[in-house]
Amino acid sequence: MSATSHRTADQPAQDPTTDAGAGATSDGHTRVTVLVALAANLVIALAKAVGGLLAHSPALLSEAAHSVADSCNEIFLLAALRRSRRPADRRHPFGYGKERFFWSLLAAVGIFVMGGCFSVFQGVQALRNGAEEDFTGYVAGLSVLGVALLAEGASLLRALYQVRTQGGGSGLRDPALRTVVAEDGTAVLGVSLALIGMALHMATGQVVWEAAASLAIGVLLGYVAYRLGRDARDQLIGQAADPELSGRIGRLLREQPEIDSVEALFTMKTGMDSLLVAARIDLVPGLDSERVEEVAVRIKRAITRRVPEAEQVFLDVTDRRAGEARESPAATGERGGA
């Protein structure tokens, strides 16, 4: 049995400048989108905080906390964009692509802690202690929220425009862009809830409306943080390629005349547009060692040509029966596998 990697000297190199150039262009657009969102959130956070203090508004203060959390998260996302494109080195031979998911996880935690928890706290405090009514302050607060709604809406439109230019749903594979879209969409909904809560508080004199809006904003932020955190967690612990792509790689292997059977196939995303592929294959009888090496190189060339994301391809050539291979530690993922 022999294990080989596609990093062989006679393998034709992929054109890294093409992939790197496309990735850099995409990252440049995402960076602009994140910077637009950061600028909007910094200005809006200050305006909301001032308006909330003037109006003694728990909903408006919750929205200020929401904007502060979003501003911190955009700084995390900028770090992700810069650090995830670093080339592989000895310590990280598979590259730094997963940094993107790590910083996105921190952003999700920030949304939950700084935004969601503070909003729930403000809502509970308003229900327990009430809130002072100040007509002038409330007019100022509503004005701030109106401006915030326009700014957040503009930032959301910018993010959605980039998603559309990058292929619609496929553009949301980028965790940084997905986080910006989620933050801006949540911000628009949160500002709308705060507007409704403040307006009803002014109209009825009942603080329960504004407290309910603050609690609703907290629950909304908690849900968004959970979804973003779950996606980042799945990527960090080693998520497989989507079933369609895995199926395409499997069919490609089975189409090779020298392969008798594919005993096991494993894939793992190592970054935004990079993939690790490991396969245990059984070759047809009668191939000598030199022929096996030639076949392995040609198969790996075929995979990297048809699946450009497959930056790392490993083939484990075995003559064991299929049942034994499937039960082996390497096939099941148990410790001690080859």
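This note comments on confidence, a surface patch and the cysteines in a predicted model.

1. Confidence in the chain as a whole. The mean pLDDT of the protein chain is 78, and 82% of its residues reach 70 or more. Among the elements of the chain, helix H7 (residues 243-254) has the highest mean pLDDT, at 90, while the lowest, 38, belongs to helix H10 (residues 329-332).

2. Stretches to read with care. Over residues 1-22 the pLDDT is below 50, although this stretch has 41 contacts in the model beyond near neighbours in sequence. The pLDDT is likewise below 50 over residues 321-338, a stretch for which the model shows 22 contacts beyond near neighbours in sequence.

3. A nonpolar patch on the surface. Val68, Val109, Phe112, Val113 and Met114 form this patch, and together they have about 400 Å² of accessible area. Helix H3 (residues 99-129) supplies the largest share of the patch, namely 4 residues.

4. Val113 within that patch. Val113, which is one of the patch residues, lies in helix H3. Its relative accessibility is 47%, and Val113 therefore counts as partly exposed, since that class lies between the limits of 20% for buried and 50% for exposed.

5. Cysteines. The structure holds 0 disulfides. Cys72 counts as partly exposed because its relative accessibility is 28%, and Cys117, with a relative accessible area of 35%, is partly exposed as well.

Conventions. Residues are numbered from 1 along each chain as its sequence is written. This is a predicted model: local features need pLDDT of at least 70, side-chain atom pairs count only at pLDDT 80 or more; totals for chains, interfaces and linings use all residues. Side-chain values use heavy atoms; hydrogens and water are left out. Patches are made of residues with over 30% relative accessible area and no salt bridge: like charges are joined within 9 Å, nonpolar side chains (Val, Leu, Ile, Met, Phe, Trp, Tyr) within 5 Å. Accessible areas come from the Shrake-Rupley method with a 1.4 Å probe; for residues, only the protein chains shown count as cover. A salt bridge is a side-chain nitrogen of Lys or Arg within 4 Å of a carboxyl oxygen of Asp or Glu. Helices (H or I, at least four residues) and strands (E, at least two) are DSSP runs, numbered from the N terminus. Buried means under 20% relative accessible area, exposed over 50%, partly exposed in between (1.4 Å probe, protein chains only). pLDDT is the predictor's confidence in each residue, from 0 to 100. Contact means heavy atoms within 4.5 Å. A disulfide is a pair of cysteine sulfur atoms within 2.5 Å.
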